[in-house]
Amino acid sequence: MEKKYENIMVERVEEVGIVKINRPAQLNALNKKTVEEIIDAIEGFEKDPGIKVMIITGSNHFSAGADIKEMSTLSPIEALEKSPLAVWEKMMENIKKPVIAAIQGYAVGGGCELALSCDMIIASEDAMFGQPEINLGLMPGAGGTQRLARLIGKQKAMEVCLTGRFIPAKEAYELGIVNKVVPKELLMQEALKLAKEIASKAPIAVEFIKDSIRKAFETNLKEGLEYERRLFYLLLSTEDAKEGMKAFIEKRKPVFKGR
């Protein structure tokens with residue numbers, strides 16, 4: 001039986017763990033309690049050997065960002081060290097399983113940053129992305145400037161962050177922010193389809209690929225290639241790699257066991 005939360009809903013569908021932000025009256029604003037609950041649920045799925053992939057989504061909207069009332073009371077030191085999204089950032093560095101964001105409605109401010117910290121994004125046609133912090137005399141503080149610049153380039157990132165304008169789903173797809181745009185009624189179906197496909201692969205290989213791609217943004221090409229090569233050779237020693245190659249030769253579907 002899944003743990004009960006106040007601001008999120010948690011469920012599992014086969015090998016997929018789903019976290020749904022559930023503060024619809026507040027447009028799923030990310031207050032401290034909500035982010036703590038998301039972190040607790042994600043860490044729980046990370047430790048669960050029966051879960052291979054995770055999905056984060058929201059009720060009606062994904063998230064309209066940080067809870068402004070709560071944020072306005074933080075001192076600079078508290079904001080730097082203890083703000084909910086700062087804690088989220090540190091947690092996500094240690095998550096080895098793939099995390100998919102399924103976005104409908106608003107994913108703006110901290111909500112956009114939460115989505116960008118995920119590994120893949122499926123968006124409904126009504127989804128809107130943006131970093132409107134500039135309109136409050138602020139700036140993105142949980143990865144907005146950094147991840148957007150890496151995803152869409154300097155000029156577009158400057159435009160999005162300096163104007164605060166919202167990006168509709170179609171444009172977000174064209175810019176490379178999202179993997180796929182689907183009708184709203186098909187959002188979770190498509191997110192689950194992607195999650196189940198990944199869940200069917202060899203778990204250690206999935207973990208190593210995620211790790212290697214993330215490393216590409218932290219190192220130069222030479223270091224990244226060396227890191228990738230080491231992980232590749234380590235995978236050769238796994239039972240799953242031996243099974244995968246054997247199944248290919250025998251023209252059958254492999255049975256992966258995560259070993």
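**Cysteines, salt bridges, rings and a pocket**

Reader: Is Cys112 buried or exposed?
Author: The relative accessible area of Cys112 is 3%. The structure is a predicted model, in which local features need pLDDT of at least 70 and side-chain atom pairs count only at pLDDT 80 or more, while totals for chains, interfaces and linings use all residues. Residues are numbered from 1 along each chain as its sequence is written, and side-chain values use heavy atoms, with hydrogens and water left out. Buried means under 20% relative accessible area, exposed over 50% and partly exposed in between (1.4 Å probe, protein chains only), so Cys112 is buried.

Reader: How many disulfides does the structure hold?
Author: A disulfide is a pair of cysteine sulfur atoms within 2.5 Å. The closest cysteine sulfur to that of Cys112 is in Cys161, at 8.3 Å, which is too far for a bond. Cys118, buried at 9% relative accessibility, is in no disulfide either, as the nearest cysteine sulfur, that of Cys112, is 11 Å away. The number of disulfides in the structure is 0.

Reader: What is the volume of the largest pocket?
Author: The search uses a 1 Å grid over the protein atoms alone: a cavity is a set of points where a 1.4 Å probe fits but cannot get out, a pocket is an open set with protein on both sides within 12 Å along at least five of seven lines, and lining residues have an atom within 4 Å of a point. Grid points are joined across faces, edges and corners, and the volume is the space filled by probe spheres set on the points. For the largest pocket this comes to about 1,000 Å³.

Reader: Which residues that line the largest pocket are the closest to its centre?
Author: The lining holds 31 residues. They divide into 17 nonpolar, 6 polar and 8 charged, where Ala, Val, Leu, Ile, Met, Phe, Trp, Tyr, Cys and Pro count as nonpolar, Asp, Glu, Lys and Arg as charged, and the others, Gly among them, as polar. The closest to the centre are Leu116, Cys118, Asp119, Arg147 and Arg214.

Reader: Which element gives the most to the lining of the largest pocket?
Author: Helices (H or I, at least four residues) and strands (E, at least two) are DSSP runs, numbered from the N terminus. Those that each supply at least two lining residues are helix H4 (84-92), helix H5 (110-116), strand E6 (120-124), helix H6 (144-152) and helix H10 (203-215). With 5 residues, the most is given by H10.

Reader: Which residue forms a salt bridge with Lys210?
Author: A salt bridge is a side-chain nitrogen of Lys or Arg within 4 Å of a carboxyl oxygen of Asp or Glu, and the count by this rule is 17. The closest N and O atoms of the Lys210 pair are 2.8 Å apart. Lys210 lies in helix H10 and its partner in the loop between H5 and E6, so the pair ties together parts that are 91 residues apart in sequence.

Reader: Which residues are linked in a network of salt bridges with Glu159?
Author: Glu159 and Arg165 meet in a salt bridge of 2.8 Å, N to O. Glu159 is partly exposed at 30%, and Arg165 is partly exposed at 26%. The network links Glu159 with Lys156, Arg165 and Glu171.

Reader: What kind of aromatic pair do Tyr106 and Phe166 form?
Author: Rings of Phe, Tyr and Trp (its six-membered ring) pair if their centres lie within 6.5 Å; planes under 30 degrees apart count as stacked, over 60 as edge-to-face and the rest as tilted. By this rule there are 2 aromatic pairs. The ring centres of Tyr106 and Phe166 are 5.8 Å apart and their planes are at 65°, so the pair is edge-to-face.
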